[in-house]
Amino acid sequence: MTLAALKSEFSPARQQTRFLGISPESIEVRKQVRNATLHLDEAVTSQTMIAQKRHAIAELIQTVRQSARPNWDGYGADPVKPEGFMEAVRLLGQLPVGLPNPEFEVLANGDIALEWHLRKGHSFIISLSGESLISYAGLLGPGAKVHGTEYFFEEIPYPVVQSLLRLFP
Amino acid sequence: MGPILPDEELSRYLFESGKFAATKGRVKPGAFVPAKNGKTSVFRTFGMLEAQNWELGETVAREVQRTLLARAEVHASKVPAPLRIEPSEPPPRHANLIAWPESRDEQLMLALQIAEEARLFLKPTRNVETPR
């Protein structure tokens, strides 16, 4: 059942039609249903997020498979770096909730790139080398350009998160 | 061929589906990130008919033993500084985008800017007549 269907099933309008009684028992039952609905919303949201991450990782794997051999692009590219792949998986797990999945690319030097493209002039790209470094560049609207390189150890560096949240407020 | 003119079209032939998003009609920045030699190979296609452009792409594809999938086209005037377009024949009409900065993030920024201006052309599929 989809999140929308579940929300409709437990909508206040529906509940009102079901709980017309005003006895203490009916009020208690109503409270319990409301609590259960809240938990259900959380669980379904969590499931949706997990499915989204799984889909992203499946796409990443497909991209990596196409770039495993030297000269995979016909222009002499290096094969994809396994360490970069591991970093990309780790980064996907740490992306802010609600952010759309990126598109994946392997670059000529074997780095893995994650790109978010909203519309012309609104794009952000990250490159992962497997050396605990994130290089990034973004066009975040008229005249707003950002780029830089940061260490990527435990958490996604703040400038990267900040740029993504500017692109997807 | 002579020096590059600002209104020239440059074609980057694409042999790998990860370099473009066909459904969105978009070229990805990675299509322009320089190779290990610090250059991005392009072809000067001004004055060419569409069919001739694809023919040139097929010639390149045979050379590199790949299947041509698409091409990215960008006006020479849209190639941002400090990049330069340097004619580099043979093969005929070949040129390179050169003077890429060393740092990866600056390369990404330039590639992103070129990709924003590039137009994607998918290789047309040939109509095969069904025998009666």
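Me: Where does A:Ser67 lie?
Reply: The model is predicted. In it, A:Ser67 belongs to the loop between α3 (24-65) and α4 (82-94) of chain A.

Me: Is A:Ser67 buried or exposed?
Reply: A:Ser67 counts as buried, because its relative accessibility is 1% and the cut-off for buried is under 20%.

Me: Which residues is A:Ser67 in contact with, leaving aside its neighbours within four places in sequence?
Reply: With those neighbours left out, A:Ser67 is in contact with A:Trp72, A:Pro79, A:Val80 and A:Val106.

Me: Let us turn to the two chains. How many residues of chain A are in contact with chain B?
Reply: On the chain A side there are 36 residues, and they are in contact with 30 residues of chain B.

Me: What area do chain A and chain B bury between them?
Reply: The two chains bury about 2700 Å² between them, and 53% of that area is on carbon and sulfur atoms. A:Tyr75, A:Glu103 and A:Glu105 supply 24% of the area that chain A buries against chain B, more than any other three residues.

Me: Why give an area at all?
Reply: The accessible area lost when the parts come together is often used to state the size of an interface.

Me: How many residue pairs are in polar contact between chain A and chain B?
Reply: There are 15 residue pairs in polar contact between chain A and chain B, counting pairs with both residues at pLDDT 80 or more.

Me: Which elements of chain A give two or more residues to the side that touches chain B?
Reply: They are β1 (103-106), β2 (112-119), β3 (122-128), β4 (133-140) and β5 (145-151) of chain A. By class, this side of chain A has 12 nonpolar, 15 polar and nine charged residues.

Me: And salt bridges: how many are there between chain A and chain B?
Reply: Between chain A and chain B the count is eight salt bridges. Over all chains, the count comes to 15 salt bridges.

Me: Which side chain does A:Asp78 meet in a salt bridge?
Reply: The side chain of A:Asp78 meets that of B:Lys36, at 2.9 Å from N to O. A:Asp78 counts as partly exposed at 22% relative accessibility, whereas B:Lys36 is exposed, with a relative accessible area of 60%.

Me: What does B:Glu117 form a salt bridge with?
Reply: B:Glu117 forms a salt bridge with A:Lys120, and their closest N and O atoms are 3.6 Å apart. B:Glu117 lies in helix α2 (residues 104-117) of chain B and A:Lys120 in the loop between β2 and β3 of chain A, so the pair joins two chains. B:Glu117 is partly exposed at 30%, while A:Lys120 counts as exposed at 53% relative accessibility.

Me: What about B:Glu9: which residue is its salt-bridge partner?
Reply: The partner is B:Arg119, with the closest N and O atoms 3.1 Å apart. This pair links distant parts of the chain, B:Glu9 being in strand β1 (residues 9-14) and B:Arg119 in strand β8 (residues 119-122) of chain B, 110 residues apart. B:Glu9 is buried, with a relative accessible area of 15%, and B:Arg119 is partly exposed at 42%.

Me: One last point: which residues are linked in a network of salt bridges?
Reply: A:Glu103, A:Glu115, B:Lys24, B:Arg26 and B:Lys28 are linked in such a network.

Definitions and conventions. Residues are numbered from 1 along each chain as its sequence is written. Chains are lettered from A and ligands numbered from 1 in the order in which they are written. This is a predicted model: local features need pLDDT of at least 70, side-chain atom pairs count only at pLDDT 80 or more; totals for chains, interfaces and linings use all residues. Side-chain values use heavy atoms; hydrogens and water are left out. Contact means heavy atoms within 4.5 Å. Buried area is the accessible area (1.4 Å probe) that two parts lose on being put together, summed over both. A salt bridge is a side-chain nitrogen of Lys or Arg within 4 Å of a carboxyl oxygen of Asp or Glu. A polar contact is a pair of N or O atoms within 3.5 Å; within protein, one must be able to donate a hydrogen and the other to accept it, and residues adjacent in sequence count only if both atoms are side-chain atoms. Helices (H or I, at least four residues) and strands (E, at least two) are DSSP runs, numbered from the N terminus. Ala, Val, Leu, Ile, Met, Phe, Trp, Tyr, Cys and Pro count as nonpolar, Asp, Glu, Lys and Arg as charged, and the others, Gly among them, as polar. Buried means under 20% relative accessible area, exposed over 50%, partly exposed in between (1.4 Å probe, protein chains only).
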